[in-house]
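Student: Pick one part of this model and walk me through it up close, please. I'd like the cut-offs spelled out as you go.

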Amino acid sequence: MGHYFSDEVDVESAPRSVPLVVPGFAGQLVTDRGVFSADRVDPGSRLLLVDGPDPVAGDRHVVDVGAGYGPIACTLAARNPGAVVWAVEVNPRARLLCRRNAADHGLHNVRVVAPEEVPSDLVVDRVWSNPPIRIGKDALHELIRFWLARLGPGGSAHLVVQRHLGADSLARWIREQGHRVERRGSRRGYRLLDVWPESPVQC
């Protein structure tokens with residue numbers, strides 16, 4: 001079996017559904033083997049949705065980086081009906097599932113894309129992510145740099161990272177890049193980080 005963060009899936013499909021009940025969303029999500037947290041909504045993702053920030057009126061573009069089968073993207077779409085929610089995911093099986101889950105819940109404002117399909121001129125208001133820590137430090141840093149650079153004026157990023165997988169060192173590294181980082185919360189072994197870029201994209 002390949003990694004869930006691979007662009008190839010070589011494990012046999014075995015679909016199932018898992019529940020997600022958080023503020024602004026309640027329903028079943030279809031999942032499958034070969035995707036991240038296939039047997040339940042990841043507790044870090046759930047914590048981010050429960051303890052993360054409220055929707056911001058007027059947001060036009062919100063992104064879920066590493067969307068998987070869509071628990072964060074679908075919730076953000078339900079909470080932000082006037083915004084386009086970009087669900088960015090490398091795993092092709094996860095993208096199919098995310099599209100299905102958004103459609104099943106009538107969330108027509110979700111756009112599911114592979115990383116290379118992100119428009120080069122896209123400027124976003126919010127970045128949400130349970131980032132794929134296991135892709136390695138260099139790749140993770142490149143991913144975070146890319147999306148912080150896509151935030152427009154007043155934009156912010158909201159991350160959940162397991163403490164024992166380097167949440168504190170990641171926060172320190174982001175600060176070293178000149179950005180402002182605040183710890184929104186810490187429980188169940190996870191850190192919730194709010195990030196504001198030093199030099200947002202000018203619209």
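This is a predicted model: local features need pLDDT of at least 70, side-chain atom pairs count only at pLDDT 80 or more; totals for chains, interfaces and linings use all residues.

Tutor: Let's start with the rings: the structure holds one aromatic pair. Residues are numbered from 1 along each chain as its sequence is written, and side-chain values use heavy atoms, with hydrogens and water left out.

Trp 147 is buried at 4% relative accessibility, whereas Phe 146 is partly exposed at 41%. (Buried is under 20% relative accessible area, exposed over 50%, partly exposed in between, with a 1.4 Å probe and protein chains only.)

Helix H4 covers residues 137-148, and the chain passes through it on the way from S6 to S7 in a right-handed β-α-β crossover. (Helices are DSSP runs of H or I with at least four residues, strands are E runs with at least two, and both are numbered from the N terminus. Right-handed means that, with the strands pointing away from the viewer, the path from the first strand over the helix to the second runs clockwise.)

Now strand S6 itself, residues 124-129: six of its six residues are buried. S6 runs parallel to S7 (residues 151-162), with five bridges joining them, and Val 124 stands opposite Leu 151 in S7. S6 also pairs with S3 (residues 61-65), again in the parallel sense, over four bridges. There, Asp 64 has Trp 128 of S6 as its bridge partner. (Strands pair if DSSP finds at least two bridges between them.)

S6 also takes part in one of the seven salt bridges that the structure holds. Asp 59 and Arg 126 form it, with their closest N and O atoms 2.9 Å apart. (The criterion is a side-chain nitrogen of Lys or Arg within 4 Å of a carboxyl oxygen of Asp or Glu.) Arg 126 sits in strand S6 and Asp 59 in the loop between helix H1 (43-51) and S3, 67 residues apart, so the pair links distant parts of the chain. Both partners are tucked away: Asp 59 is buried at 9%, and Arg 126 is buried at 11%.

Definitions and conventions
Rings of Phe, Tyr and Trp (its six-membered ring) pair if their centres lie within 6.5 Å; planes under 30 degrees apart count as stacked, over 60 as edge-to-face and the rest as tilted.
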